[in-house]
Amino acid sequence: MAARRLVALAGAAALLLTACAGSDNEGNETRPDARSSGAPAKGGTLSVALDSDPGALNPAITTSGGTHTASELVFSGLVELTPKLEQVPELAESWEVLENGALYRFNLRNGVTWHDGKPFTSADVKHTFDTMLLKLHSRTAASVGAALSSITTPDPDTVEFRFKQPYAPLLQQLDVTEAPILPKHLYEGTDVAKNPANNKPVGTGPFKLVSYTPGSELRFTANREYFKKDLPYLDEVVMRVIPDKGNQVVALEAGEVDWLFGTPGPDLPRLKSSGKYDFITTPLNPGGSNCIMTVSFNLDRPLFQDVRLRRALGTALDRDQFVDRVLFGQGRVAEAPISSGIPFAHASGLKGMPEFDRAEAERLLDEAGWKRQGGGTRTSAGVAGVPDGTPLAFGFTHFPTFSAYAQLLRAQLTSVGADVMLQPLEPPVFADTVFKARNFDTNIISYCNGVDPEIGVKRMYVTSNIGPVPFSNSSAYRNPEVDKLFEDARTTVDPKARTQIYRTLQEKLVQDLPYLWIVETEANRVFPNTCKGFTPSGHFAEAASCTT
Amino acid sequence: MTRRYVVRRLLQLGPTAAAILLVGFLLIHLAPGDPVLALAGENGDAEYYAFVREKFGLDEPLPTQLATYAGNVLRGDLGTSYVLGRPVSDVIAERLPATLLLTGTALVFSTVAGVAIGVFSATRRRRWPDVTVTLATLAMYSAPVFLLGQLAILLLALRAGWFPVQGMTDARSSATGLSHVLDVGHHLVLPALALAAQEVAAVSRLSRVGLLDELRRDHIRTARAKGVPERTVVLSHALRRALLPVVTVLGGRTGQLVAGAVVVEVVFGWPGIGRLLVTAMQARDAPVVLGVFLLVAVTVVVANLLTDLLYAWLDPRVRYR
Amino acid sequence: MSATAELAGAQPAATPVGRRPRLLVRSLRTPGGAVGAGLSLLLVAAGLLAPLLAPTDPFAVDGPPLTAPSGAYPFGTDALGRDLLSGVIYGARTSLIVAASVAAMVIVIGTTVGLWAGYFGGWVDDALMRITELFQVLPRFFMALVVIAFFGPGLDRLVLLLGVTSWPLLARVIRVEVLALRHREFVEAARVHGASRTRILLREILPNALPPGIALLGLVVAQVILIEASLGFLGLGDPNVTSWGTLASEAQRFLRVAWWLSLFPGLAILLAVLGLNLLGDAVTDALTGRR
């Protein structure tokens, strides 16, 4: 989870991004765009399954997927992002980009009120950024925060963001996920982390919180004063904490819930063939998009310093099995270090990605000095930095939720003579162990690439980003050439030249193999086909309606 | 029951409570790494660590620390959950009613059903109903709670569709009035049955044996000889004393039930302290884990005390050293 | 804590040592005893011979995913394509390791405490019994949870904890036996002949006090197996050994599509625990003459 959270949705080349987040109705029949087919039914209750208790409901001070999923219906951003990542007005009615992108001026919508009736003004925007987003929202703080010089409010309807240098991705980072706006009148002069409003949120969004029973359910009612005309269609949204994903499906099939954020692979074929449900297939997760499950090697340890060993292990991995047996088809084999969800940067037809070939893997291991003794674990003979006779045994650190990946990887590597010890660690402990203490051999992380390599990819590779920040350069890969290429990519304006730089970069990465890129993951939102009008994330139920 | 016995039994609470506190305290200090990490989690900031250090007196000598820790706990201050950012006592209090409902129902049900089955079995001693029941209860006694839960879901909820699969209420129901009570009741059936199964088995075996022993006694023979109807013999003469062994294990059963509740809450998505405990363990939220442990330990101790007092009251002849 | 065990342990058995073997054999001749012994033997055999009996390594991805039980895969396969029969057999090994190690610790601690308390009486007895009560009151399952929360999952700490907390019942039974035995003729005779205290305890009293204890041990071990499985079910097992509880935990996700994944590990636990309970009950019944 935490890995996904890190990723930014920001992107300089927003127009090139359309392919990465397209919604795709894969129901039994082809349906026209749900938003436009007929007049939406009004009223009714939508029941939604949550994986975990959100704990707190302030999306401005955390990137926790649980908190965001449960609270984004209550709040709004300045700008809304469509599923295709186009920007449309939300709290901001219009905007101007001035001084080549160093100054942004937003005209705020008139007559918007908070759920408690107080008027919304530019002071709320400035206060939210200054005291929460730029300090506590890890993605927005790290990206916008680092580049921003000041936020000013010339009048109650106008906000200006001034940057030290031109900053292109801002408009991608102002939606309710990256920059929800909270009411100044409830937070001013208080300890943000302990403010009671964190559990009784007051926003400007399509739904108002009615009650929150920790560990059990949240109830929302439609905000009839909502500034978007006619929305929402529903009267009520109930979110129900159902930790077990199998149970979520059971609840869906029993008609108890109408919306799941993800469909467990084993149930997907049955749900699809039942003809009762519609699906939205998306690379968007609460808190990250275009994620690649990635194996890191701790390059600080002598064992992993030989690229031949890394390549051998990569060659021993049958990644199709990961797609079939772990993801149940919800994803694809990663073909390059950069996600196919970023088409302008993804290198297609890349030569040198390790492909599964067990015999070849065995040969590479022998060549690297790891010899079989009988049928068991290989031991070293003449490997640099490793005493002879050391068994090829190493730890594999992972979130407990990724244990299926871990078990499949262990089985595949065991068959070429490597002994893998699994070490499941909960996210907070994982972050400390891997990035602060660097006490691990190998691990698996869901690195979400986001919509631009600048934020979601670069962090994995540049020398300057080795620990202690969570989900930084986990392998501790150091290559001045690669550092230079990322620098070039950032300052290159010509799209073609930039694409070429990323290609060169990926060729280098595939040569060095500091990581193994396993699979690109995607999720299937599922809902009864009596409902329509959903978007994959954010205000997902804002325009939803159901007929019964 | 002598007053001396009651007083003695109450006095024993002291050392027991002290031992429980000591166990919690020792675990914090035996855990790998700095105890502040065990108490405050592994990603607090320096300021928070300093606060926790101060609060638990971690820079003081160990005995002082123990006193501080005990003082905090005895005042009901179990610390702050660093994941939820709220006092542990509040977090536990929120979840407690659901668990009390679940375990309470299971306790009552297992006692009533267990005794009924025991009587049924004992009065048909060594005939096929008795043998069948004895075998069935032994199997029930041996089955892991999660197997029973999973089977109940598969057969009674998924296949037959008689009961909801998980949760405490229907997501669509309004949360008020009689319909709410019925809704909760409907959701309660399977988890309570799964939780009670092992205890039904234990109670029925105990009451069967107790009753068999009792029915062999002289005064029962006398009653029978006098022509007292068998029904009356069993229900009013023998049963009361036969139930004594059932009472003796009440305390221990409470512990078993609460432990079982953790598993049942996970299987059925029941929002009680069991699930809180499991989530807290996954997040390494030590204050919550310790808080739940202390609560459960105290509950079990008190349940044992009440059991002993009840037993002494029911059977004054019981000799206590 | 086993309710059955508590009841059984409430009265001393104290039959002279000479008749014991016949009694034990007789207890195994009852249907319950025979089935119990058979199931327990099966557990031990599966545990000891796992590498020979299991078709594959329990972690190996050898088969097609999620196949229902069939000739090739008698218990079916899981989502990754691992053979569940192999998993269940290796799970027996884990259960056996935990059960045997805990049993060894329980015998050592429980017997020592029981012998001392019963033989010396007086303040030693008082003190030891207070401590025993204390351990009996601590909820073992929660202690195990807390220990794993602080120290991480692992069989070693689990065995240690369960061993250190599971002995009180045994100690109490042994103590009751010793109390009944200590003034019996053969003990007095040994004392008159000048046998040392240690000799009397170990050679005269222990052999007579132990059988009821051993019967009880089956019930204690059955509980230990259930606790280990429950921890595994909650996802707190060691990921590098196969355990029945862990298998059942992974099955929960697939309840709807692969019933066999939860059924077989669950049944394995049920049979192992049932076997130990039957055996324990049969021996206890034979010893107390209550049939």
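Chain A is divided into domain 1 (10-38 + 58-196) and domain 2 (288-521). The C-alpha centres of domain 1 and domain 2 of chain A are 34 Å apart. The model is predicted.

An open sheet in chain A is built from 4 strands, in the order β1-β10-β9-β8. Its pairing is mixed. The edges are formed by β1 (45-50) and β8 (207-213) of chain A, each of which pairs on one side only. From one strand to the next, the twist averages 20°. In general, strands of a sheet pair through backbone hydrogen bonds, in either a parallel or an antiparallel sense. For β1(A) and β10 (residues 236-241) of chain A, the sense is parallel, with 6 bridges. Within this pair, A49(A) stands opposite R240(A) of β10(A).

P232(A) is located in the loop that runs between β9 (217-222) and β10 of chain A. The second topic is D230(A), also assigned to the loop between β9 and β10 of chain A. D230(A) is not a glycine, yet its phi is positive, at about 70°. D230(A) counts as exposed because 9 other C-beta atoms lie within 10 Å, where the cut-off for exposure is 12 or fewer.

A positive phi also occurs at R438(A), again a residue other than glycine, with a value near 50°. R438(A) belongs to the loop between α12 (427-436) and β20 (442-448) of chain A. R438(A) has 15 other C-beta atoms within 10 Å and is therefore partly exposed.

Chain C contains 13 helices and 0 strands. Its order of elements from the N terminus is accordingly written α-α-α-α-α-α-α-α-α-α-α-α-α. The C-alpha trace of chain C spans about 75 × 45 × 30 Å along its principal axes. Chain C has 291 residues, of which 59% count as buried. Among the contacts in chain C with a separation of 6 or more, 73% come from residues 24 or more positions apart.

S249(C) sits in helix α12 (residues 244-251) of chain C. S249(C) counts as buried because 24 C-beta neighbours fall inside 10 Å. The threshold for that class is 20 or more. Leaving out residues up to four places away in sequence, S249(C) touches G232(C), F233(C) and G235(C). G237(C) is 12 residues from S249(C) along the chain, and the two C-alpha atoms are separated by 9.8 Å.

The contact with chain B takes 36 residues from chain C and 47 residues from chain B. On the chain C side, the elements that give two or more residues are α1 (3-8), α6 (122-137), α7 (140-151), α11 (197-233) and α13 (259-288). The most is given by α13(C), with 9 residues. By class, the side of chain C that touches chain B has 28 nonpolar, 6 polar and 2 charged residues. The contact with chain A takes 17 residues from chain C and 21 residues from chain A. On the side of chain C that touches chain A, 11 residues are nonpolar, 4 polar and 2 charged.

In soluble globular proteins, nonpolar side chains tend to be buried together. In this model, the largest nonpolar core has 324 residues. V289(B) and V146(C) touch the most other members of this core. Each of domain 1 (10-38 + 58-196) and domain 2 (288-521) of chain A contributes at least three residues to the core. V289(B) and V146(C) are also in contact with each other. Neighbours within four places in sequence aside, the contacts of V289(B) are L277(B), A280(B) and M281(B) in chain B, together with V146(C) and A149(C) in chain C.

Terms used. Residues are numbered from 1 along each chain as its sequence is written. Chains are lettered from A and ligands numbered from 1 in the order in which they are written. This is a predicted model: local features need pLDDT of at least 70, side-chain atom pairs count only at pLDDT 80 or more; totals for chains, interfaces and linings use all residues. Two residues are in contact if their C-beta atoms, placed from the backbone, lie within 7 Å. Ala, Val, Leu, Ile, Met, Phe, Trp, Tyr, Cys and Pro count as nonpolar, Asp, Glu, Lys and Arg as charged, and the others, Gly among them, as polar. A nonpolar core is a set of buried Ala, Val, Leu, Ile, Met, Phe, Trp, Tyr and Cys residues joined through C-beta atoms within 7 Å. Domain bounds come from an automatic or database domain assignment. Two strands pair if DSSP finds at least two bridges between them. Axes are lines fitted to C-alpha atoms, for helices over the stretch in contact, and angles run from 0 to 180 degrees between N-to-C directions.
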